[in-house]
Amino acid sequence: MKKLTPFSVTVYILLVLLSVSVLIPVLNLLAKSFSDPLQVQALGGLDILPKGFSLINYQVLFSNPLIVRSIFNTIFLTVAGTALNLLLTAMAAYVLSRTYFPGKRVVLVLLIIIMVFEPGLIPEYLLVKDLGLLNTYLSLIFYKAINVYYLFILIRFFQDVPDSILEAARMDGAGHFKIFTQIMLPLSKPGLATLGLFYAVYHWNEYFRATIYITDPNKWPLQVVLRQFVVQKDNASLLGTQNVLSYDQVASLDFSSLQAGMIILSMVPILILYPLILKFYAKGAFEGGVKD
């Protein structure tokens, strides 16, 4: 058993305090969203248990067509965008790490320049407009289809694959496509899973460019709707025109609880991904591979 030192104990205590400071606000929002609207005002900022129990806030949220539609829009953008990101990033990483072509060094230098100096929003908007991508999901999916920083991370993963494995594959007649799909990708699962999580979080939380490029409310992702309800406090649209509640129930609603429920809806799906991805962090990149 590893002996605990004063330094390690201090680090553990600080990590626990930091985790609690992050967790309590989330649990407080969760408690507020499940509290009875008539008792929610009794909740303090540090309370993590609901006062009473009621599902009326989520009943209101899920009966709003705009919210339900935005959830599916965000799921589509996240899945499609992440899949495209991983495919293009992996293909580019393989070419830049395991093949040689004239001007390769120039390409790497240009990628570094792109990573440091990004184009402004106005040229980007004009390009999207000229391509006819305004008010389409492609304007959000194609943006940063390859993140240069993540690309260099994956290049490092691919460079760590032993040359002996690739040489053996070539002797067996494997070409670039077979090496890429059956050797490089399986041996780089930890890197792909990590980058997939990063890309998914980015797409799930995207709202800035969606507010610029997407003008049709039916195509809004969840974060745009969240901004409308929580930041702009558009409570009229939040209730919508649905008739799921009586007049007395509507009058007794607490809008801060509705906003808390909306925040929870935007957080929970992406948080579920973390336990699924964490198992890849501890695995070696070459589990099951041959040794030199």
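Predicted model: local features only at pLDDT ≥ 70, side-chain atom pairs only at ≥ 80, totals over all residues.

Colleague: Thanks! Where in the chain is Asn135 placed?

Modeller: Asn135 has a positive phi although it is a residue other than glycine, with a value near 60°. Its place is in the loop between helix H5 (121-130) and helix H6 (138-141).

Colleague: Is Thr136 buried, partly exposed or exposed?

Modeller: Thr136 is found in the loop between H5 and H6. Across the sequence, Thr136 and Ala210 are 74 residues apart, yet their C-alpha atoms are 9.5 Å apart in space. Buried means under 20% relative accessible area and exposed means over 50%. Thr136 has 23% relative accessibility, so the class is partly exposed.

Colleague: And what is the phi of Lys144 near?

Modeller: Lys144 sits in the loop between H6 and H7. With a relative accessible area of 32%, Lys144 is partly exposed. Its phi is positive, in a residue other than glycine, and lies near 50°.

Colleague: Let me step back to the whole chain. How many helices and how many strands are there?

Modeller: Of the 292 residues in the chain, buried ones make up 38%. Among contacts with a separation of 6 or more, 74% come from residues 24 or more positions apart. As for the elements themselves, the chain has 15 helices and zero strands.

Colleague: Which residue caps the N-terminal end of H3?

Modeller: Look for a side-chain oxygen that lies 2.9 Å from the backbone nitrogen of Leu66. That oxygen belongs to the capping residue, Asn64.

Colleague: Are H3 and helix H9 roughly parallel or roughly perpendicular?

Modeller: Helix H9 spans residues 176-187, and its axis comes within 11 Å of the H3 axis. The two axes cross at roughly 105°. Angles of 65 to 115 degrees count as roughly perpendicular. H3 and H9 are therefore roughly perpendicular.

Colleague: Which residues of H9 does H3 meet?

Modeller: By class, this contact of H3 with H9 has seven nonpolar, one polar and one charged residues. On the H3 side are Ala90, Met91, Tyr94 and Arg98. On the H9 side they meet His176, Ile179, Phe180, Met184 and Leu185.

Colleague: H9 also meets H10. At what angle do their axes cross?

Modeller: The contact is made by Leu185, Pro186 and Leu187 of H9 with Lys189, Pro190 and Leu192 of H10. Those residues divide into five nonpolar, no polar and one charged. H9 is roughly perpendicular to H10. The axes come within 5 Å and cross at roughly 70°.

Colleague: Staying with H10, is Leu195 buried or exposed?

Modeller: Leu195 is found in helix H10 (residues 189-205). Leaving aside neighbours within four places in sequence, Leu195 is in contact with Leu86, Tyr150, Ile153 and Leu154. Leu195 and Ile153 are 42 residues apart in sequence, with their C-alpha atoms 8.7 Å apart. At 2% relative accessibility, Leu195 counts as buried.

Colleague: How do the residues of the contact of H4 with H7 divide by class?

Modeller: Helix H4 (residues 104-116) and helix H7 (residues 148-159) pack at about 135°, with their axes 9 Å apart, which makes H4 oblique to H7. H4 brings Leu108, Leu111, Ile112, Ile114 and Met115, and H7 brings Val148, Tyr149, Leu151 and Phe152. By class that is nine nonpolar, no polar and no charged.

Colleague: One last stop, Ile263. Which residues does it touch, not counting those up to four places away in sequence?

Modeller: Ile263 has its place in helix H15 (residues 255-281), and at 21% relative accessibility it counts as partly exposed. Ile263 and Gln223 are 40 residues apart in sequence but 9.2 Å apart in space, C-alpha to C-alpha. The residues that Ile263 touches are Leu29, Leu226 and Val230.

Terms used:
Residues numbered from 1 in each chain as written. Heavy atoms only, no water. Polar contact = N/O pair within 3.5 Å; in protein donor to acceptor, adjacent residues only side chain to side chain. Helix = DSSP H or I, 4+ residues; strand = E, 2+ residues; numbered from the N terminus. Axes fitted to C-alpha atoms, helices over the stretch in contact; angles between N-to-C directions. Parallel < 35°, antiparallel > 145°, perpendicular 65-115°, else oblique. Contact = heavy atoms within 4.5 Å. Nonpolar A, V, L, I, M, F, W, Y, C, P; charged D, E, K, R; others polar. Buried < 20%, exposed > 50% of the residue type's maximum accessible area, 1.4 Å probe, protein only.
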